[in-house]
Amino acid sequence: MMKKKLYIFILMLLPALSFAQNEVYKRYSPQQDLTVAQVSGFALNDSVRVDVVLVVADDNAAWERVKKELDIRGDSGSTSWLGEFTDPAKRTGWNGRTALRVVASHARRTVAFYRIDSERQYDALLDYQLRKMKKQ
Amino acid sequence: MTENQFDELWQQVEARKYGRMLAAGYPAWKRNRRRALTVAAMLLIVLVTAVVTVSTLQRPSASFEKVYCNRVGTSDSQWVALAAEMLME
């Protein structure tokens, strides 16, 4: 009877869990000089969605701190890499495990973290970038 | 039938009779409380799932995103647009 109640409780929690705040958001949102937003379910195409965390530095000091923390070099343009989920500063290759596509823009003083959980999301993200770039 | 067998049978009949008398004092759903609770829980799950599914399907795809922000006064669409623009950087 207890086991059945537990299953029912977990089933009822599932819809709420699908929109939980992620680790990157929790890590940066308490910092006073950063504006942090999480977009859950950002659509890459009709069937693939990812979670995105956007970190915007409010001033130069905050931006320099973020750059140092994520090992972002240079002062202009943008840079992107695939980072480890637990340590986004660490550059990695796609190995089928959860990772973060990190895009940093100096002009916007912004870093975007796209959470990639599957090959399908990884392909869709690259495809999205290609599609949009062709349009430009 | 021996006397012992008769006694045993008599006790069984009495037990069933008292069981029925006891049960008659309660409404049917209380007698089957475990079953009623299970059915209620299942109905609740079906209802919650239906509401979540319908509300999800009714949303236009552009506004499906759920946005959290640590600052008040920002608009959700601004962040969705920024998420798209950052991929073009």
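The model is predicted, so local features need pLDDT of at least 70, side-chain atom pairs count only at pLDDT 80 or more, and totals for chains, interfaces and linings use all residues. Residues are numbered from 1 along each chain as its sequence is written, chains are lettered from A and ligands numbered from 1 in the order written, and side-chain values use heavy atoms, without hydrogens and water.

- Chain A puts 45 residues into the contact and chain B puts in 26 (contact: heavy atoms within 4.5 Å).
- About 3100 Å² is buried between the two chains, with 67% of that from carbon and sulfur atoms (buried area: accessible area, 1.4 Å probe, that two parts lose on being put together, summed over both).
- Chain A and chain B share 3 salt bridges (a side-chain nitrogen of Lys or Arg within 4 Å of a carboxyl oxygen of Asp or Glu).
- One salt bridge pairs Arg108(A) with Glu85(B), with the closest N and O atoms 3.0 Å apart.

**The chain A side**
- Helix H1 (2–17), strands S1 (34–43), S2 (49–57), S4 (99–105) and S5 (110–116), and helix H4 (119–135) of chain A each supply at least two residues to the side touching chain B.
- Helices (H or I, at least four residues) and strands (E, at least two) are DSSP runs, numbered from the N terminus.
- S1(A) gives the most to this side, with 10 residues.

**Strand pairing across the interface**
- S1(A) and strand S1 (residues 66–69) of chain B run antiparallel, joined by 4 bridges (strands pair if DSSP finds at least two bridges between them).
- Ala37(A) has Cys69(B) in S1(B) as its bridge partner.

**Chain B**
- Chain B holds 4 helices and 1 strand.
- Along the sequence, the pattern of chain B is α-α-α-β-α.
- Of the 89 residues in chain B, 16% are buried (under 20% relative accessible area; exposed is over 50%, partly exposed in between; 1.4 Å probe, protein chains only).

**Positive phi in chain A**
- Most residues other than glycine have a negative phi.
- Asp71(A) has a positive phi, near 60 degrees.
- Asp71(A) sits in the loop between helix H3 (60–70) and strand S3 (78–84) of chain A.
- Asp71(A) counts as partly exposed because its relative accessibility is 36%.
- Arg109(A), also not a glycine, has a positive phi of about 50 degrees.
- Arg109(A) lies in the loop between S4 and S5 of chain A.
- Arg109(A) has a relative accessible area of 26%, so it is partly exposed.
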